[in-house]
Structure formats: C-alpha cells, structure tokens
Amino acid sequence: MKNTLLAILCCSSGLVFASGLPCAKITNAGGNLLTITNDPNWDDQIVIVNGRKQHSFKILLNNNQSVDLCGTWSQFGLNFYDVQGKFAAATISNLDSSVTSLVDIYPDDALNYNIYQQSANYMAIAIAGIK
C-alpha cells in the first residue's frame, strides 16, 4: 500500500506518530458521554486509533477520557455525537499548513473545543461539547 508509514516514533503518552502525518489527542472535557466515529464520507481512510490501524471505528469517551488518533494521509474526517443526539463533523489536517489543526467543522462553530498543544504533526484538543 502506497501510504506506508515511513517512520514510527513513540512518545511517553503512548501516542504513535507517523512521520509527517497528523496526530491528535482528543479529550472529552464535557460532563456527558462523547462518541467519535470515522466519517463514512471518507470511505477509504485508515486511522490509527490508540496505536492500531482501523478502517471503521466508534469510540465512547466519558468525561476526562482521551483517545489518540493518527492519520495515514495528511487529513482524516471524524464525526462527533453527544448524548442528546447533537452532531458535528470535522477534519484533522496538516495539509498545506505548518500545524495540525481541526478544520472544516460542520455545522460551522458546532464544536466547543480548545486546542491546548499544537505542532506540525500533533495537536491536543479538549472538546467540551457540541453546540
């Protein structure tokens, strides 16, 4: 497969970094359950979830729980749901940027979040809820 990971480095948090590709530590900073799934519109994406390659995934995060995600391309799509059924979609990307960031949020401003660490291939983000 063309998108073979060129280099893998492990840091103390257990997050697997793929050389040049975007990684994110997502923490549920809200009081309610947060569900994160792969975006089905990105049907060919593979995401590294807590160190394991996944084509399709559903992650349930209680308050203060985290998940580590890395792309195998320069961007990947995620869907977020809360217990009230509110929905938001976003892309984790470092394409055409000097930092990894959360982009293309739908609906606009739907996520209440704070990026508290950011570099070319990594960001740490706390999601407080879906508006």
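## A tour from surface to core

Start with L60, which sits in strand 7, residues 58-61. The model is predicted.

Stop 1: Is L60 itself buried, partly exposed or exposed? L60 is partly exposed, because its relative accessibility is 49%, and that class lies between the 20% and 50% cut-offs.

Stop 2: F57 counts as buried because its relative accessibility is 8%, and the limit for buried is under 20%. Now show what surrounds the side chain. Beyond residues up to four places away in sequence, F57 touches I36, T37, N38, V47, V49 and L78. F57 and D39 are 18 residues apart in sequence, and their C-alpha atoms are 9.3 Å apart.

**Stop 3: the main core.** Two of the F57 contacts, I36 and L78, lead on to the next selection. Which residues have the most contacts inside the largest nonpolar core? They are I26, I36, L69, L78 and F80, in a core of 25 residues. Strand 13, residues 122-130, supplies the largest share of this core, with four residues. Colour a second, separate core next: its five residues include C23, I48, C70 and Y122.

Then centre on F80. Leaving out neighbours within four places in sequence, its contacts are I26, L34, T35, I36, K86, F87, A88, A90, L111, I127 and I130.

**Stop 4: strand 3.** Select residues 23-28, which form strand 3; six of its six residues are buried. Look along the strand and sort the side chains by direction. C23, K25 and T27 point one way, while A24, I26 and N28 point the other way. In a regular strand, side chains alternate between the two faces of the sheet. In strand 3, the residues pointing either way are all buried.

**Stop 5: the partners of strand 3.** Show strand 8, residues 66-71. Strand 8 pairs with strand 3 in the antiparallel sense, over five bridges. Now bring in strand 13. Strand 13 and strand 3 pair in the parallel sense, over six bridges.

Finish on T27. What are its bridge partners? In strand 8, T27 is bridged to S66. In strand 13, the bridge partner of T27 is A126.

Definitions and conventions: Residues are numbered from 1 along each chain as its sequence is written. This is a predicted model: local features need pLDDT of at least 70, side-chain atom pairs count only at pLDDT 80 or more; totals for chains, interfaces and linings use all residues. Side-chain values use heavy atoms; hydrogens and water are left out. Helices (H or I, at least four residues) and strands (E, at least two) are DSSP runs, numbered from the N terminus. Buried means under 20% relative accessible area, exposed over 50%, partly exposed in between (1.4 Å probe, protein chains only). A nonpolar core is a set of buried Ala, Val, Leu, Ile, Met, Phe, Trp, Tyr and Cys residues joined through side-chain atoms within 4.5 Å. Contact means heavy atoms within 4.5 Å. Two strands pair if DSSP finds at least two bridges between them.
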